[in-house]
Amino acid sequence: MLAELSVPPAVEAERVITAVLTDLRSGEHRGVVVDSPPGAGKSTLVVRAATELAAAGEPLIIVAQTNEQVDDLIDRLARKAPELRIGRLSATDYRPSARVRDHDSVRVAAKVADLGGPAVIIGTAAKWATVADGCWPWAIVDEAYQMRSDALLRVAARFERALFVGDPGQLDPFSTVETARWTGLSWDPMQSAVATLLRHNPELPVHRLPVSWRLPASAAPVVAAAFYPFTGFRAGTGPADRGLTFTAAGPGDAVDAAVEVAARTGWGLYELPARQTLRTDTEAAAACAELALRVLRRGAVAVSEQAPDGAAVTADRIAIGAAHRDQVAAIRAQLGDTGAGITVDTANRLQGREYDVTIVLHPLSGRRDATAFHLESGRLCVLTSRHRQACIVVARAGIPELLDEHPSTERVHLDVPVKFPDGWEANQTMLAHLAAHRAC
């Protein structure tokens with residue numbers, strides 16, 4: 001480990017990326033898997049691989065999971081290689097976003113035949129599942145751990161070889177129907193595309209990106225220990241490379257204390273009195289809103305390797321995350337017009353996004369039980385790994401005791417790979433760390 005730390009982060013990351021591209025070009029494997037921790041440059045790798053394959057005259061397709069991801073990749077790819085002809089495969093009612101409209105090299109169509117034979121075609125997995133004809137030499141599957149295995153099966157005939165890139169610590173695929181009948185089967189549709197792929201093809205090479213360029217030095221070791229205990233990763237920046245300061249004084253209350261602790265250490269815990277509450281806990285929603293508004297009102301300035309002289313933390317650089325949509329609605333109501341521009345959303349929709357400061361309503365706050373949904377490690381991982389500067393967690397006291405009173409009661413099934421870490425352990429690890437950053 002000491003030898004690894006002596007290697008600059010950029011050098012260490014480039015070694016892995018070079019190995020990935022070498023495996024990809026060799027043609028020896030039908031698939032190459034890349035595990036990426038939060039903010040490790042996953043999208044950058046996808047764009048780089050796509051441009052290199054296209055430059056070599058290899059037509060390829062890119063499969064993403066959401067329209068947001070598709071538009072983001074198109075924007076990145078078009079900026080990286082303006083000369084590259086890109087096709088945006090979409091539904092008939094899709095209206096191109098500004099990120100797509102701004103590039104003359106991008107053509108949008110509902111059918112492959114109407115795209116004009118571009119070098120790269122990008123679409124969602126759901127859209128690619130409707131394509132019945134055509135086969136491409138290469139595919140890149142983005143956010144592959146969030147893709148269900150049945151979705152991969154529906155598009156597998158469209159390509160010969162593929163690069164699978166994703167984050168194993170984030171949210172697992174989900175379904176709104178009962179799936180117990182498939183539990184334990186090697187082709188269980190609720191397994192991720194990568195899990196099923198490796199289960200049937202254990203010889204495929206797996207690479208792991210070793211550096212997070214998003215998470216600061218205060219966060220990378222914490223998130224790695226809680227959610228990536230067997231692989232780990234390091235921050236791409238040092239403790240002195242980033243900082244959060246304020247240009248205006250505050251009233252000196254408990255909210256100020258939480259904000260200042262987070263600015264100083266990278267983490268803050270705003271703890272409310274222990275109480276069992278409704279899911280839309282008004283007091284907790286108000287606390288989340290006030291913390292975000294306080295960061296804004298005090299004129300937060302973020303110093304980083306991207307802005308050595310400091311950049312104002314504007315509303316669009318602040319996010320509030322929660323587990324449920326009704327909680328999101330309650331927080332938005334508390335923000336009012338003053339908080340216009342601040343992102344408030346669920347973990348599912350915040351996945352893949354990045355902010356300077358995040359406020360997190362803990363999934364177990366105020367609950368009387370600990371269900372599988374609220375214990376899912378990926379949910380807490382997403383919520384606590386979106387920030388570049390600081391993260392403040394809002395929670396009612398008593399969560400460690402709640403966890404002790406509700407050990408996992410999930411059934412253990414034969415032939416189902418054990419997921420590590422489990423949500424119980426991940427929550428305990430995070431709470432133990434946050435206890436030292438309690439502000440009230």
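Predicted model: local features only at pLDDT ≥ 70, side-chain atom pairs only at ≥ 80, totals over all residues.

Visitor: What makes the span of helix α10 close to the expected one?
Guide: Residues 254–265 give α10 12 residues, and its first and last C-alpha atoms lie 16 Å apart. The expected span takes 1.5 Å times one less than the number of residues, which for α10 is 16 Å.

Visitor: Which residues of α10 are called buried, and by what cut-off?
Guide: Buried means under 20% relative accessible area. In α10 the label goes to V255, D256, A258, V259, V261, A262 and A263.

Visitor: What covers the buried residues of α10?
Guide: The cover includes β11 (243–246), β12 (267–272), α11 (282–297) and β18 (387–396). Just after α10, G266 has a positive phi of about 95 degrees.

Visitor: How do you know that β12 and β18 pair?
Guide: Pairing requires at least two bridges; β12 and β18 are joined by six and run parallel. Within this pairing, L269 is opposite V393 in β18.

Visitor: Why are β12 and β16 at the edges of the sheet?
Guide: The five strands of this open, parallel sheet come in the order β12-β18-β17-β15-β16. β12 and β16 (343–346) each have a single partner strand, so one side of each lacks a neighbour in the sheet. From one strand to the next, the twist averages 20 degrees.

Visitor: Which strands does helix α12 touch?
Guide: Helix α12 (residues 325–335) packs on the sheet against β15 (318–322), β16 and β17 (355–361). The directions of α12 and β16 make about 165 degrees.

Notes: Residues numbered from 1 in each chain as written. Heavy atoms only, no water. Helix = DSSP H or I, 4+ residues; strand = E, 2+ residues; numbered from the N terminus. Buried < 20%, exposed > 50% of the residue type's maximum accessible area, 1.4 Å probe, protein only. Contact = heavy atoms within 4.5 Å. Axes fitted to C-alpha atoms, helices over the stretch in contact; angles between N-to-C directions.
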